[in-house]
Amino acid sequence: MNRKELKKYISFAILAVAVCWIVQNFRLFENLISVAMGAVFPLIMGTVIAYIFNIVLNFFEKHYFPKKNTEFINRSRRPVCIVLSFLSAIVIIVIVLTIVIPEIISAFKLLTDKIPPVLNDWKDSFLRKLSEYPEIQKEAKELLNEFDMTSLDWATITQKAADVIQGGIMGIISSAVGIVGTVAVTVTNIVLAVIFAVYLLARKDKLLKDINRIQKTYGNNELNKKINRIFATANETFRNFFVGQFIEAILLGCLCFIGMLILRLPYAGMSGALIGVTALIPIVGAFLGAGISAFIIFTENPMQAFVFLVFLIILQQLEGNVIYPKVVGNTVGLPGIWVLAAITVGGGLWGIAGMLIGVPLTATIYKLCFENLEKRERNIRKPQHN
């Protein structure tokens, strides 16, 4: 037995022992993984933030005095562009919240104002239909009079409900000290993630050089090529997906806003912003935003809500057949059935975040598998031509 075979058998033995230990102590292993993930979670979140903001950062760096090559410009390019990247994200979030939240609040206020008259109209209509049955009509009228909706003070009821909810929440917060700790940990993780993301963005060139040095020192050329190919495919797929989804979401939100203004539908600004934001989630996102917008428009005018839904169905057809192929195109390279599967599985495992990363992750695996398949097929066909 040579040294190479001995090394292979020892590796298999260590792996077998490790698997047996994990099976026998699964609870302990699960707790260790949970503790480890909790410890590195800010770093993982920071890496994700850095990757997404790196796309925006590259855009700003390309347009930050591209024709000047002075020392000041070269030194200030990276820090200034990092600040611009984060400021852009903050401005977008503030604009969306400023448009959406006041409109939702006003819609619910309108809903509470319209509930009593609508219920009263339904009661009168119900009693009129019972006019052919006087005895039943009399009993129904007496029963409904006991619950006369017009005599209810809806403003007081709403205020009392809000007070009860607020009191309950405050009671829970005051009695559960752990919630404060959870909030503090969450805020700390977010701050640490942002700091780590800024560090990665500021030092990305140096980090890439160090990774390249480690590969050359500890790896071989064939392994390095495979690893670099995997990461290059993943980077291209994720980048194209995020950029395409973002552009598509902006176009869809703007078209929705313009169309609603032309049709003179209410809440155009809120609906356009909401549909634009939710459209970042593939397939199901725009429908989620449409459902919320349709409900809020329904509080103003049910017929206009119906017109809005018809308009959005037409817009979705335009988006699916014209906008999406032109903007995103085949850059993701994933058939529709696999897109649906990726969203379903990703959403089931990690919620909205899973829906966002499920498609590009599946597309990366799909591309790599088919590249490997085509390579093997070429190798099989080669002897036939000789």
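**Close-up views of a predicted helical model**

**View 1. Y267 is placed in the loop between α8 and α9.** The model is predicted: local features require pLDDT of at least 70 and side-chain atom pairs count only at pLDDT 80 or more, while totals for chains, interfaces and linings use all residues. Residues are numbered from 1 along each chain as its sequence is written, and side-chain values use heavy atoms, with hydrogens and water left out. Helices (H or I, at least four residues) and strands (E, at least two) are DSSP runs, numbered from the N terminus. Phi of Y267 is positive, near 60°, although Y267 is a residue other than glycine. Another residue of the loop between α8 and α9 (268-278) is R264, which is not a glycine and also has a positive phi, of about 60°. Most residues other than glycine have a negative phi. Buried means under 20% relative accessible area, exposed over 50%, and partly exposed in between, with a 1.4 Å probe and protein chains only. Y267 counts as buried because its relative accessibility is 12%, whereas R264 is exposed because its relative accessible area is 74%.

**View 2. The protein chain is built with 12 helices and zero strands.** From the N terminus on, the elements run α-α-α-α-α-α-α-α-α-α-α-α. Of the 386 residues of the protein chain, 25% count as buried. The protein chain exposes about 26,700 Å², and carbon and sulfur atoms supply 70% of this area. Accessible areas come from the Shrake-Rupley method with a 1.4 Å probe; for residues, only the protein chains shown count as cover. A contact means heavy atoms within 4.5 Å. Among contacts in the protein chain between residues at least 6 apart in sequence, 69% join residues at least 24 apart.

**View 3. F53 and F86 form a stacked aromatic pair.** A pair of aromatic rings is described by the distance of the centres and the angle of the planes. Rings of Phe, Tyr and Trp (its six-membered ring) pair if their centres lie within 6.5 Å; planes under 30 degrees apart count as stacked, over 60 as edge-to-face and the rest as tilted. By this rule the count comes to six aromatic pairs. For F53 and F86, the centres are 4.4 Å apart and the planes make an angle of 10°. F53 lies in helix α2 (residues 26-62) and F86 in helix α3 (residues 71-129), so the pair ties together parts that are 33 residues apart in sequence. F53 and F86 are buried.

**View 4. Y366 and F370 form a tilted aromatic pair.** The distance is 4.6 Å centre to centre, with 35° between the planes. Y366 and F370 are separated by about one helical turn because they are four residues apart in helix α12 (residues 336-385). Y366 is partly exposed, with a relative accessible area of 23%, and F370, at 38% relative accessibility, also counts as partly exposed.

**View 5. Helix α2 crosses helix α8 (residues 221-263) at roughly 75°.** The two axes come within 11 Å. Axes are lines fitted to C-alpha atoms, for helices over the stretch in contact, and angles run from 0 to 180 degrees between N-to-C directions. Angles under 35 degrees count as roughly parallel, over 145 as roughly antiparallel, 65 to 115 as roughly perpendicular and the rest as oblique. α2 and α8 are therefore roughly perpendicular to each other. From α2, Y51, I55 and N58 meet A234, N235, F238, R239, F242 and V243 of α8. The residues of this contact divide into six nonpolar, two polar and one charged. Ala, Val, Leu, Ile, Met, Phe, Trp, Tyr, Cys and Pro count as nonpolar, Asp, Glu, Lys and Arg as charged, and the others, Gly among them, as polar. Ring pairs link F238, F241 and F242 into a cluster.

**View 6. E61 is found in helix α2.** E61 is buried, with a relative accessible area of 15%. Not counting residues up to four places away in sequence, E61 touches R77, R78, C81 and K204.

**View 7. I99 in helix α3 is in contact with G269, M270 and A273.** This list leaves aside neighbours of I99 within four places in sequence. The C-alpha atoms of I99 and G269 are separated by 6.5 Å, and the two residues are 170 residues apart along the chain. I99 is partly exposed, with a relative accessible area of 32%.
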